[in-house]
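User: Hi! Could you walk me through the packing in this model?

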Amino acid sequence: MSVASLPTANDGKRKFIARSIILLLSYLLKAVIVFSIIAGASIALSYMGSIHGTDLPAEYFSNGHSTIITLLDSEVFMGFIFFVTFSVVIYVLYLLWQLHEVAVHKASKMSSAHTQIVFALSLCGLFIDKTWWVLAIIIAFTRWDVIGQSVSKVIGNGLTHNKPKSTEE
């Protein structure tokens with residue numbers, strides 16, 4: 001390998017700077033897309049209904065808090081609040097599903113032979129009774145190799161304990 005074929009130090013710096021710029025631009029693009037989706041959803045949801053059909057007179061409120069009332073009277077703001085509330089509810093439901101599926105994920109991560117029975121018990125726990133889900137958790141998180149060794153040790157001790165003792169005379 002000759003010295004001419006090796007990359008120079010400037011090439012490494014340029015690649016590092018290029019990767020950093022691409023990474024920064026990708027983060028900025030993702031942020032713009034997320035904020036665009038939030039703004040678009042807020043505007044779209046604002047057309048779905050009005051807050052109230054009439055303007056409220058300022059006498060309805062103490063001390064004339066007109067700035068906050070104007071904001072709360074805005075359909076776009078209420079669309080944003082609805083979108084955020086709906087997003088939080090969906091995210092909480094997703095987290096509850098992940099919690100419900102923790103036994104299946106643990107069994108598949110351990111490459112357990114019980115993965116299918118854990119999945120079936122999780123579904124039974126979802127639709128029939130929560131006791132099945134608890135059973136699935138117990139099966140998924142049990143170290144069956146340790147239990148097998150313990151049972152083998154107990155059986156082995158029982159067999160050697162019941163052997164007739166030979167007397168040497």
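User: What should I know about the ground rules?

Analyst: This is a predicted model, so local features need pLDDT of at least 70 and side-chain atom pairs count only at pLDDT 80 or more, while totals for chains, interfaces and linings use all residues. Residues are numbered from 1 along each chain as its sequence is written, and side-chain values use heavy atoms, with hydrogens and water left out.

User: Thanks! Which residues are buried in helix H4?

Analyst: Ala103, Val104 and Ala107 are buried in H4, which covers residues 102–109. Buried means under 20% relative accessible area, exposed is over 50% and partly exposed lies in between, with a 1.4 Å probe and protein chains only. Helices are DSSP runs (H or I, at least four residues), numbered from the N terminus.

User: Why do they line one face of the helix?

Analyst: Down the axis of H4, the buried residues fall within an arc of 100°, so they line one face. The arc is taken from the directions from the helix axis to the C-beta atoms.

User: And what do they pack against?

Analyst: Helix H3 (75–100), helix H5 (115–127) and helix H6 (130–141). Contact here means heavy atoms within 4.5 Å.

User: Which residues make up the largest nonpolar core?

Analyst: There are 8 residues: Ala103, Val104, Ala107, Val118, Leu121, Ala136, Ile139 and Ala140. H4, H5 and H6 each supply at least two residues of this core. The rule joins buried Ala, Val, Leu, Ile, Met, Phe, Trp, Tyr and Cys residues through side-chain atoms within 4.5 Å.

User: What does Val118 touch?

Analyst: Beyond its neighbours within four places in sequence, Val118 is in contact with Ala103, Val104, Ala107, Ala136, Ile139 and Ala140.

User: Switching topic: is Glu101 buried or exposed?

Analyst: Glu101 counts as buried, at 6% relative accessibility. Glu101 sits in the loop between H3 and H4, and its contacts outside four places in sequence are Phe119 and Ser122.

User: How many aromatic pairs are there?

Analyst: The structure holds 2. One of them, Phe82 with Phe86, is stacked, at 6.0 Å centre to centre and 15° between the planes. Rings of Phe, Tyr and Trp (its six-membered ring) pair if their centres lie within 6.5 Å; planes under 30 degrees apart count as stacked, over 60 as edge-to-face and the rest as tilted.

User: How far apart are Phe82 and Phe86 in helix H3?

Analyst: They are 4 residues apart, about one helical turn. Phe82 is partly exposed at 45%, and Phe86 is partly exposed at 46%.
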